[in-house]
Amino acid sequence: MGATREIHRIPRGNIAFAILAGERALSVDGDLRAARYWFDAAYQDAELSGDPEQLARAALGLSGVWVHEHRTCADWERVRTRQRHALLRLDPRSALALRLRARQAAEEDYRAGTHETILRLLSLARGAGDPVALAETLGLAHNCLLGPEHGERRLRLAQELIGQAARTGRRGDALMGLLLRTVDLFLEASPKAERSLQELQGMLAAKEHRAIGFVVSAIKVMLTVRAGRFEEAETLAAVCAELGDATGDVDATGWYGWQLVAIRWLQGRGTELVPALSEMVHSPTLGALDNSYLAGLAAAAADAGDRRTAEGLLARLRGPDLPRSSTWMTSMYFMVEAAHLLRDADTAAHAYAALAPFADLPVIAGHGVACLGSAHHPLGVAALTLGEVDRAVGHLRAAVRQNLALGHWPATVLSRHRLAQALALGGDPGDEGPGAAREAAELGMVLPKAATRPDEAGGCRCRRRGLHWLLELDGRSALVGHSVGMGYLATLMANPGQEIPAIDLAAGADAVRSAANSAQPVLDEVARRTYKERLARLEGELGELESKDDPERAATLRAEREWLLAELAAATGIGGRARPFTGSEERARVAVGKAIWRAVDRVSAVDPSIGEELRATVRTGARCCYRPR
C-alpha cells in the first residue's frame, strides 16, 4: 500500500525519487501497478536528462518481478525497445548492463520456450561478484525452466536465491526465493510444501508484499479445492482475483479463470465452461506458451457434445512441439479427457506417451493456481480410451493412493470412479463405484460420463445387490436401497422400450398377464408377502429414526408405510382373500407413478446425473415405460 499512497507525494520530474519509489514498490511492497507508474515517469525524465544509469535502472524496473509481465505486443515492444536503448548507453562490463542483458535474455527465452541463453548469463552472474545481479538472474532462470522435467533444478535455484538474499539485503529476494521453493515443493508433491507455505505466510504477516501475497492467496484457493470445499474456494478465488488486479498482476484474470475451470470440472459441471473458455482462448493476458485453455475448451466442448469443436481443438494441440509451459501438464490432462469422450485413440496414445515420464507428479497449473490431482489419473483414463484395461487399473489405483496423499478429496473420488469403470470392464466391479458415488454426493460432485464402446447397449442398467439396487450409466454408478418403486424401476429398465401397464407392475412380476385380463388380483401372494415384510422393517426403522430425532427421514418412511397399508387394505377383500383388480386401473396408475418418482428422487440424491437421466427417459401413467436415449 505504501508505494500507492506515495504516488501523489513524490513530485514528477525528480528522477532519483521516482527510481527509489519504483524500487520500493517492486521489492519491498510488491505493488506492480505503482512500480510501473514510477519507472515509466523516471524513464521519461531520465531520457530528457541524458543520465544513462538512471535510464537503465528505470528500463530494468519496467520489466517487473516476473518474466513476461507485458503480454500485449505493443507493451512488450515498448519495454524491449527502452531496454535496448538503455543498454547501448551503459558500460557493457557494468553490473547494471549484466542485469539488463539477463532480463532481455529471459524474456526472449521464455517466448521461445527455451532457457539456454539465460542459463549462460547465470554462469556469468555467478562469477561477476554482484549479489543483486546474481539474485535477479536466479529468479529469471527459475521462471524460464517451465517443464515438469526441471523440478529438481528449479528447486536448487530457489534455494540458492534464498541464500543470496542474505547478501543483497533485499526483502523481496528472500520472499521470492521462499515463494519459488514453496511452489516447487507443491509441484513435486513434497510433504514439506505446506510447512514452507507456513514459513512464507509468517514473513508476509510481518509485512505485506502484494505480488507474492497474490500467489499465496492462489495457493490457498488450490488447497481449499483439494479439501472439497467448492463454495468456499469459489469465494476465495474472487478475493484472489481482486487482490491480483489491485496489485497490477497481469495473471489475475487468467488465474481466476483456471481456478473456476478446476472447480467446475471437479464438480462435474464441465459443460458450463464452454462460453467462458471460448472467450478466454483469445485473451491477450494469457501467457505466450499457455495452451491449457484450448485443451480445457476441447474437453468442455466434448462433454457438451460439440464434437466438431473438440476435434478441431485437439488437432491444433496435437502439433509436434507443444511447448513445456507451466500449464503443460494441465493441457495434457484435458487432452486426455477430450480424447476419452470422443473415443480418439490416437490423441490418447499421444498424450499418454508424453505424460508417462511424469506419472508420479501432481497436475498443477502455474504457481499452485489449480490442482487436478495425480498424473496417474489422466494416464489411467488414456489407457481406458486405448482399451488397455489392466494398465488403466494400475494407473488408477496409483492415482487413488497419490490423491489421498495430496489430501485432494475430489480428485480421489474421480479416480475411484474411473477405477470402478476399469474394474467393471475387466469383469470385477468391486465396491469402488458405490463408494465413489456416495463420496461424490457428499461433496456435491456429479461424476463424469464415460465413453461407451460402439457395441455397448445404451441406457441405464439396474441389478439387485442384497437389500440394494446398483444402477449403472455411462461408467457412473449409484447404490440405492430397496423400495417398491425401485422394484418397478428395475422392471422397466429390464424391458427398455416396452410399455408395461401400471396395473401389471403393481401386481408383481409373477402375476403379470395381459392388461385386458379381468379379475386380476391387485397383489399376488409374493407381492403381499413382500409388502408385509417391508412394513415390519419400516416399524423398526421409524422407531430408530424417532429416537435419533431425524424427522425428515421419518416422514419419508411414514409416507411409504401409509401407502403400503393402503395398498394392502385395497388388495384384501372379505376374509382376507385377494381382491380382484377389475376397475382399479386409475388407482394403480397413481400409486405406481408415485412410487416410481419417489425412487427416482432417491437415485438423484445419490447420483444427480443418473437421476436426471431417469427423469428424462421414464414415463409413467396407465402404461409405464423406460426409453433410453
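Me: In what order do the three strands of the open sheet stand?

Reply: The order is 6-8-7, with antiparallel pairing. Strand 6 (500-501) and strand 7 (618-619) stand at the edges with a single partner strand each, so one side of each lacks a neighbour in the sheet. The model is predicted: local features need pLDDT of at least 70 and side-chain atom pairs count only at pLDDT 80 or more, while totals for chains, interfaces and linings use all residues. Residues are numbered from 1 along each chain as its sequence is written, and side-chain values use heavy atoms, with hydrogens and water left out.

Me: What joins strand 1 to strand 2?

Reply: Three bridges join strand 1 to strand 2 (residues 370-374), and the two run antiparallel. A365 stands opposite A370. Four residues lie between the strands of this hairpin, where G366 takes a positive phi near 60°. In strand 1 (residues 362-365), P362 and I364 point one way, V363 and A365 the other way, and all are buried.

Me: Why is T412 called buried?

Reply: Buried means under 20% relative accessible area, exposed over 50%, and partly exposed in between (1.4 Å probe, protein chains only). T412 has a relative accessible area of 1%, so it is buried. The residue is found in helix 22 (residues 409-425). Its contacts (heavy atoms within 4.5 Å) are V400, N403 and L404, not counting residues up to four places away in sequence.

Me: Why is H408 described as buried?

Reply: The relative accessible area of H408 is 0%, so H408 is buried. H408 lies in the loop between helix 21 (389-406) and helix 22. Leaving out residues up to four places away in sequence, H408 touches V225, R226, L266, C371, L372, G373 and N403.

Me: What makes a set of residues a nonpolar core?

Reply: The members are buried Ala, Val, Leu, Ile, Met, Phe, Trp, Tyr and Cys residues joined through side-chain atoms within 4.5 Å. The largest such core has 140 residues, of which L179 and F334 touch the most other members. A second, separate core of 33 residues includes M493, A588, I596 and I610.

Me: Why is a void called a cavity, and how many of 30 Å³ or more are found?

Reply: On a 1 Å grid over the protein atoms alone, a cavity is a set of points where a 1.4 Å probe fits but cannot get out; lining residues have an atom within 4 Å of a point. Of its 41 lining residues, Y110, L146, S326, G366 and H367 are the closest to its centre.

Terms used
Pairing = 2+ DSSP bridges. 1 Å grid on protein atoms, 1.4 Å probe; cavity = no way out; pocket = protein on both sides within 12 Å on 5 of 7 lines; lining within 4 Å.
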